[in-house]
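Here is a quick tour of a few spots worth a look. Open the sequence and the model side by side before reading on.

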Amino acid sequence: MQDLYTLLLEAFGKAKSSLRIVSAWARGEIMESLLDRVEEGVSIELVVRAGEGKDLEITDQRVFKAVRKKGGRIFLNPRLHAKFILVDDSFALVGSANLTYRGLSTDGNIEAVVQTEQVKELIELYEELKAESYELNQDAKAVVLKLESFLNLQALLLEEIQEQTFLKAITPDGFILLKVNRVYTPPASNLEKLPTDQKDWLTSYLFALWQEKGKPKFADVSVLFEYRQKKEEKEGYLSPNFRILEPGTQLLKLTDEDSRLFTLNMSGYPMGLPVKVGTLAGTQRPIYVDLEKVLSMHMAVLGTTGSGKTTFVRRLLENMPQDGPKVFLFDLYGEYTPKLSGISLKHIELPYCLMFISADEIKDLLKQYGFDIQERSSEERDFYANLRSLLKSDLRYLPYRELSFKDIMLSSAKDPAIRKDVEDFLNILSREVGERAITDQPTLIKAMLEGLSCEEKIVIYDMKHLPDISTRTNVVGLLLREIFIRALEGTERTLVVLEESHNFAPEKGAFEVPAGRENLAQLMVKKIAMEGRKLSLGLIAVTQRPANLSKYVLSQLNTQVVFRLNTKNDLDAVYPFFGERDMDTLKLLPSLRPGLAYITGLAVPFGMLVEIEL
């Protein structure tokens, strides 16, 4: 053994650039001592046999550690019988001896020291062996244990990995993307025989067992799609996966080289207008949404109060490129402008006053205050006819540009008795909401028009002073109609951000807001949701109550940003956004911390948890 071992030590010590080791079996102590002779910087590769379990009973863990310590590569070959060593591709040792105690004893022998001419043949043989071998990737985080279906598998974790982590399996064209859905530790065997009434002993026993054997962790993993780095000219980078991931397949974490994946939309094509919104949860990897897809297919931003909805919209606006769309943001509570001081915008603070745009609204209001002016008499019919001739659901034709609500009411009441009721009604209303609320309509209309005609890219309509839901609904409806008409004229790409959108397009029965023809806001939200895609008119509907938002509108919002949700109704409302593979993510929603959102839909390549900087 000493002569053979000495010969090997000398050969390993001569390596200057590369060392290729082919041995069916090897022992750790021998490999460690041989590799200690190798200089730093030498490229080391090892091919060993792994065709049955007993192969790895002979080739022990120390072999792999020794090779990895030197930065070497390891290949597994299930049918390996050859034994040789290539040093710097200039000379070789060939024989029948494995790098084991028995192999290096007198029973084994090194048959020849082959010179350069024959080394070329060995190099070709080595490359053939390597090509049919399976390389152990030192960056592997998990390995496939069992394939449940094309879309689901079970993996053994090689390192600590959090749920919702993305992994990849390398393919010749790129990689298959996978997501860790559930991580678990299997129970110890024979637990049913243990004395469960002895709690301290049982806990101690399990603790000792895990210390002795470790805590193996397994994961349920879903297969998402295949990412191809090379593609046909008209094909996207993403395609369904039809490859079978065999047991033993190594799963790796994504690297910086995979960054292009996160600048694709769900169709697999590069984003037309990528806008950074946060980072992939648990990493520093930037995440983008494709604003072009939002402009054509709309977006929902959903979550409870304080979960991060407003911050998400802020980040979107802050990172929007200069050639981005015109943005009209309806801010119910005046939250945005103070926090967007770093970007150019037009802040329109709408004044405190009422806004009615139909005679039926006024009829209901009169009745609410105890004035029973219906349309039974000719005088009453004349009064409402006068109102209808003045009030139009169009901002350009409303009389409020010159007349106040008070002026319109008094000028429409020709009959003395009705006029007396109207005067009393206005006095009561003035006492309750203030004189400005019934006289400042021209100021309100001027402010609304100013926002439509300004040059700034971002216009924020601050609605915190508007006194009631009907006024807010009418103001939003009038402005949305103007924005829609602008889009029909093709002036520029436009994005509407509608905060508390469930107030303006409610699901039937959710609120007492008129949901029929009189609710102009609801009609226009539906119209934009349905027709905006062909006009480059996008809608971002923001709400804390997705269950109260019109189901039709919600179904048209094809990118979804979902923060924490708690109630069953709201969770049921977002259920359709989560495919079968994402059910575990749906269950996480009630426990999401502020700033953590699940983003899915057409504007991102796939569903993912994203951290928004608060």
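This is a predicted model: local features need pLDDT of at least 70, side-chain atom pairs count only at pLDDT 80 or more; totals for chains, interfaces and linings use all residues.

Residues are numbered from 1 along each chain as its sequence is written, and side-chain values use heavy atoms, with hydrogens and water left out.

**A serine and an asparagine**

Let's start with S23, in the loop between β1 (18-22) and α2 (28-35). Helices (H or I, at least four residues) and strands (E, at least two) are DSSP runs, numbered from the N terminus. With a relative accessible area of 1%, S23 is buried; buried means under 20% relative accessible area, exposed over 50% and partly exposed in between, with a 1.4 Å probe and protein chains only. Not counting residues up to four places away in sequence, S23 touches V47, V48, R49, L80, A82, K83, N98 and L99, where contact means heavy atoms within 4.5 Å.

Which side chain makes a polar contact with that of S23? It is N98, at 3.5 Å. A polar contact is a pair of N or O atoms within 3.5 Å; within protein, one must be able to donate a hydrogen and the other to accept it, and residues adjacent in sequence count only if both atoms are side-chain atoms.

N98 sits in the loop between β5 (91-95) and β6 (110-114) and is buried too, with a relative accessible area of 9%. A polar atom of the N98 side chain also lies 3.2 Å from the backbone nitrogen of A24. Leaving aside neighbours within four places in sequence, N98 is in contact with S23, A24, W25, K83, G103 and L104. For a sense of scale, N98 and A529 are 71 Å apart in space, C-alpha to C-alpha, and 431 residues apart in sequence.

**Aromatic rings**

Rings of Phe, Tyr and Trp (its six-membered ring) pair if their centres lie within 6.5 Å; planes under 30 degrees apart count as stacked, over 60 as edge-to-face and the rest as tilted. The count by this rule comes to 13 aromatic pairs. Y184 and F218 are stacked, because their ring centres are 6.1 Å apart and their planes are at 25 degrees. Y184 is in strand β11 (residues 174-184) and F218 in strand β12 (residues 218-228), so this pair ties together parts 34 residues apart in sequence.

F262 and F606 form an edge-to-face pair, 5.7 Å centre to centre with 65 degrees between the planes. This pair links parts of the chain that are 344 residues apart. Ring pairs also link F166, F225, F262 and F606 into a cluster. Here is how buried the paired rings are:

| Residue | Relative accessible area | Class |
|---|---|---|
| Y184 | 18% | buried |
| F218 | 17% | buried |
| F262 | 2% | buried |
| F606 | 5% | buried |

**Helix packing**

Helix α15 (residues 469-488) packs with helix α16 (residues 520-531) at an angle of about 35 degrees, their axes 7 Å apart. Axes are lines fitted to C-alpha atoms, for helices over the stretch in contact, and angles run from 0 to 180 degrees between N-to-C directions.

Over in helix α11 (residues 405-412), the buried residues are F405, I408, M409, L410 and S412. Their cover includes α9 (359-368), α10 (378-390), α12 (416-433), α13 (436-439) and α14 (441-453).
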